[in-house]
There are 2 protein chains.
Amino acid sequence: MTAAANQSGRRPTTSRRLERAGIRDVAAAAGVSITTVSDALNGKGRLPDETRSRVREVAERLGYRPSAAARTLRTGRSGLIGLTVTTYGEEPFTFTEFAYFAEMARAATSAALGRGYALVVLPASSRHDVWGNIALDGTVVIDPPDQDPLVSELYRSGVPVVSDGKPGNCPVTAWVDNDHEAAVLGILDHLSEAGARRIGLLTGTSTDTYTRLSTEAYLGWCTKVGQEPVYEAYPAHDPAAGAVAADRLLARPDRPDAVYGLFDPNGTDLLAAARRYGLRVPDDLLLVCCSESDVYAATEPPITTLSLKPRKIGTTVVNLLIDAIEGVDSGTGVDIARLFPPRFRTAGNGPPPGTLMPTELIVRASSQRRSPRTTVSPPRPPGEV
Amino acid sequence: MTAAANQSGRRPTTSRRLERAGIRDVAAAAGVSITTVSDALNGKGRLPDETRSRVREVAERLGYRPSAAARTLRTGRSGLIGLTVTTYGEEPFTFTEFAYFAEMARAATSAALGRGYALVVLPASSRHDVWGNIALDGTVVIDPPDQDPLVSELYRSGVPVVSDGKPGNCPVTAWVDNDHEAAVLGILDHLSEAGARRIGLLTGTSTDTYTRLSTEAYLGWCTKVGQEPVYEAYPAHDPAAGAVAADRLLARPDRPDAVYGLFDPNGTDLLAAARRYGLRVPDDLLLVCCSESDVYAATEPPITTLSLKPRKIGTTVVNLLIDAIEGVDSGTGVDIARLFPPRFRTAGNGPPPGTLMPTELIVRASSQRRSPRTTVSPPRPPGEV
DNA sequence: CACTCTTGGAGAAACGTATCTCCGAAGGCT
DNA sequence: AGCCTTCGGAGATACGTTTCTCCAAGAGTG
C-alpha cells in the first residue's frame, strides 16, 4: 500500500525530500484518489462515513496540512480581509492612536475570526508594496478621505470594501457610521440643560467625515440658537497641538463656559488648561469629550464622555464585509454591489447602503453643575445665571 | 497583435469573461512570452530596458495585478506573518487589553510593513479554523505559556516562531524579553531609597513568564533584605479582580508603605484604594506600577511607572522573525534554527537565541516622598524612619 | 432480462505564477 | 571560415489544491 505512493504521484523518485505531506501522499497512504481525500476532508462529495473517517485518520497520522496558497489559488478565496486606517502625518500608520481604533480593531478581529476570516492590518498608502502581494477577499477602511485612490482602485478591481465612516465620493460596497450630527446636538442640548450659556468646540483640521460632520452640526446649532461659534481647530494627529489648542480655547476673551472636545485626549488637556486658568469643573466650566477611554471615570472630576461604540462598529463593519464577500457568486465581477443582501440596499443604483449606529453619552460629574447626590434645592431653569 | 491573445493562451475562446487580466494577457498584448513578462515585472532575467519598460507599460495599461495566491504557491512565501497573544479567560483574544499589547502590535505592524510583510492577528487557540487556512511565513507569539501546543506544532512544521517573552519549554527560533528580574530589583531599590520599609506587590495568578519572573524576583529580594513578603495575586485578565486585590493589599494588618503593581490598571486601583483608607500618596504610601499608559502622568499625584518599551520589543521581535524567514534558504527544512544569523546564536545546539531588552523607570511624584523641588534638607538614609 | 438510478469514487483540467532549461542569432576572435 | 560567447527570449513544468466530468458496479423495477 505504501509502495504505491511512489508510483501514483507525478513526483520523480529522485526527490526524496523531507517535505510536508501533500494531498497526494495522503491519497496514496489511504489507498484512494486525491479526489476522495479532498472530499473526505472538506465534507463534500458522497462518501460513506467509513471512508471519510479512514482518510481523516490517515491525514492526521501524516500530519497533513492543506496548502493555504493552493486552496486560495483554486478557490479564489483567501479568508483574509484587510483593515486600513487613513494615515495622518508621517507615521506609516497611526493605528491605535486613540482608544477608538484599538477597540474597533479588536472587535473587528474578533468578528472576523468568529466567521473564519483573519484580519490583516495594512497601510493606507495605495502604492505600498504589500498591497499587491496579498490576496484579500475584502477590505475594511476606516475614515477614508474624499476621493481616496486606494478605495477606488480596490473597488474597481472587484474587491468588496466596507468603510467605517460615511465615505465622501469613494464608491464602497457599504458603510457604517455613527449619527454624528445627532450625537453633537445631543451633547449641546445636554450642556445647555446643565446651564451652559456659551458652548465651545475643540475640533480638528482634517477633512474626514467625523470631524466635518461634527463641526457642521455644531455650527448649525450655533446659528439655530443664536450663539456665536467659539472653537479651535488643530491637527488631530498631534497630541501636543491638542494641549495648545485647549489652552487657546480657554484663553479667549469670549471664553466658553462649556466645551466639547472631539478627540480622545481633549478631556485631559482641557482639564489641565482649566486648572491653569483657575477654572473649576464643573462649576466654572462644563466639560464633555469624545473618548473610549475609561480613565475619564477616574479623573478629578470624572469627565462626561461620548462613546462612538467602536466595538459595535467594528463588528458591524466586518459582518457587512463578509456578507458581501460570501453573497456574491464570483459571477461577472461587475455588479458586486448589486448582489448585496437586499436588506441593506437603499436604492437600485443609488448610493451604497449605509448603516447608522447610535452613540452613547456617559454622563459624569464634569457636565452636571449640580451634583445629583447633594442637590436638595430644585434645579434652576437653564436660562438663569 | 491583439488577435494573438486568443491563440496563445490555453483559455478556450468561449470564456470571454470580464476577468482580471492575467500574465498571459499581458504577454499576448505585448507580443512576448509570459516568461518575459514575469522577468520584466520582477526585475529578473536579462532583458533590454526597452522590452522591460514596454512590458511594464502594457501591464499598467491592462491594469494587471499579479495573483498573490499563485505567487505564494509558486515561491512558497506569502509575505504574511502571524501575531498571536495568549488568551486568558473566555474572550477569543484579549488583544489590546492593556496598552502594552496595543503599542507592541502597532510597532510590530509597522516594522513588518517596513520590510514588506503584513501582519495577521490570530487567536492563540491552536485548533481554530483559521490557522490551517492561512499561509504564514512565520509567527510572533506573545507570552507563550509553558508547553504551548500551538508553538510546538508551528515549530515542528518548519514555521519560524519568535516569542515576546522568554518561552518556558517551547522550542522557538528566537525570543525577546525584558530583564524582568533587573527591572523589579531596580524598582524595589528605588522604593527603598525613597524610604519604604515594607514593600508590597500586586501580582497575577497566571503562569506566564512576566508574572513568574517578576514575582520570583520580588520574593528573592525579600529573603535577601529580610522583609516578610506582602503580596496579593489575582487573575490579571479580570479588571474588577484587580481593584479588589488592591483593596485587600491595603487592608492587611501588615499594610505595606510602598506597593509595586505588575499590571497596567493597578496604579488607578491602588490610588483609589489608598483614598478609601485615607492614605496619602506618596506621604503614607509609595506607588509604582508597570504601565505604558501616559494617564499616570496626569493622575493626582502622578504615578511612577515602569515601561517595558513595547515598541522596541515589537520592532525587535518582527525583525528577528523576518531575519529568520529570509535567512533560511528553504533547504532541507529541518535545521532552520541553526541557519539563523550567527550574531544571535547562543550555542550550537543549545537553547534558542534570546535578546534582553532594557526597561525604563519613569519616576514621578508617587514614589518620591520628598518632592524634588521643595527638598532642602539632606536626604535621610534609607534605613531611618 | 433490459433498464434506470444510486453509490462510491477515479481522472484530469484548471487556478496563475516563477523558474529551469534550452535555443537561435548576432557578434567577436583566431 | 569556424568557434565561442553573450544576448534576448521562448517552452514547459511544477506549486497543491478543488471540482467538473465521467464511469463501473450493484440495486431496484418493469
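## Welcome to this structure

With 20 C-beta neighbours inside 10 Å, Lys309(B) counts as buried. That residue is one stop on a tour of a predicted model. Chain A has 385 residues, and 46% of them are buried. DNA strand C is surrounded by 29 residues, and DNA strand D by 30.

**Chain A and its confidence**

- Chain A contains 13 helices and 12 strands.
- Of the contacts in chain A between residues at least 6 apart in sequence, 66% link residues at least 24 apart.
- The mean pLDDT of chain A is 83, with 81% of its residues at 70 or more.
- Where pLDDT is low, the predicted coordinates should not be read in detail.

**Around the DNA**

- The residues closest to DNA strand C are Ser33(A), Gly22(B), Ile23(B), Ser67(B) and Ala70(B).
- Helix 3 (34-42) and helix 5 (68-75) of chain A, along with helix 3 (34-42) and helix 5 (68-75) of chain B, each give two or more residues to the surface near DNA strand C.
- That surface near DNA strand C has 10 nonpolar, 11 polar and 8 charged residues.
- For DNA strand D, the closest residues are Ile23(A), Ser67(A), Ala70(A), Ser33(B) and Thr51(B).
- Helix 3 and helix 5 of chain A and helix 3 and helix 5 of chain B are the elements that give two or more residues to the surface near DNA strand D.
- By class, the surface near DNA strand D has 10 nonpolar, 11 polar and 9 charged residues.

**The nonpolar core**

- The largest nonpolar core has 188 residues, and those touching the most other members are Ala108(A), Ala118(A), Val120(A), Ala108(B), Ala118(B) and Val120(B).
- Beyond four places in sequence, the contacts of Val120(B) include Ala118(A), Leu119(A) and Val120(A) from chain A, and Leu80(B) and Ile134(B) from chain B.

**A covered strand in chain B**

- In strand 9 (residues 286-290) of chain B, 5 of the 5 residues are buried.
- In a regular strand the side chains alternate between the two faces of the sheet.
- One side of strand 9 of chain B carries Leu286(B), Val288(B) and Cys290(B), the other Leu287(B) and Cys289(B), and all are buried.
- Strand 9 of chain B pairs with strand 8 (residues 258-261) of chain B in the parallel sense over 4 bridges, and Leu286(B) is the bridge partner of Ala258(B).

**Loops worth a look**

- Thr205(A) sits in the loop between strand 6 (199-204) and helix 10 (209-225) of chain A, and it counts as partly exposed because it has 14 C-beta neighbours inside 10 Å.
- The C-alpha atoms of Thr205(A) and Ala233(A) are 5.5 Å apart, although 28 residues separate them along the chain.
- Most residues other than glycine have a negative phi, and most peptide bonds are trans.
- A cis peptide bond joins Val281(A) to Pro282(A), with omega about 5°, and another joins Glu300(A) to Pro301(A), with omega about 0°.
- Asp143(B) has a positive phi near 55°, and its place is the loop between strand 3 (138-142) and helix 8 (149-156) of chain B.
- Lys309(B) likewise has a positive phi, near 55°, in the loop between strand 10 (304-307) and helix 13 (310-327) of chain B.

Technical notes: Residues numbered from 1 in each chain as written. Chains lettered and ligands numbered in written order. Predicted model: local features only at pLDDT ≥ 70, side-chain atom pairs only at ≥ 80, totals over all residues. pLDDT = per-residue confidence, 0-100. Near = placed C-beta within 6 Å. Nonpolar A, V, L, I, M, F, W, Y, C, P; charged D, E, K, R; others polar. Core = buried A, V, L, I, M, F, W, Y, C linked by C-beta atoms within 7 Å. Buried ≥ 20, exposed ≤ 12 C-beta atoms within 10 Å, placed from the backbone. Contact = placed C-beta atoms within 7 Å. Pairing = 2+ DSSP bridges.
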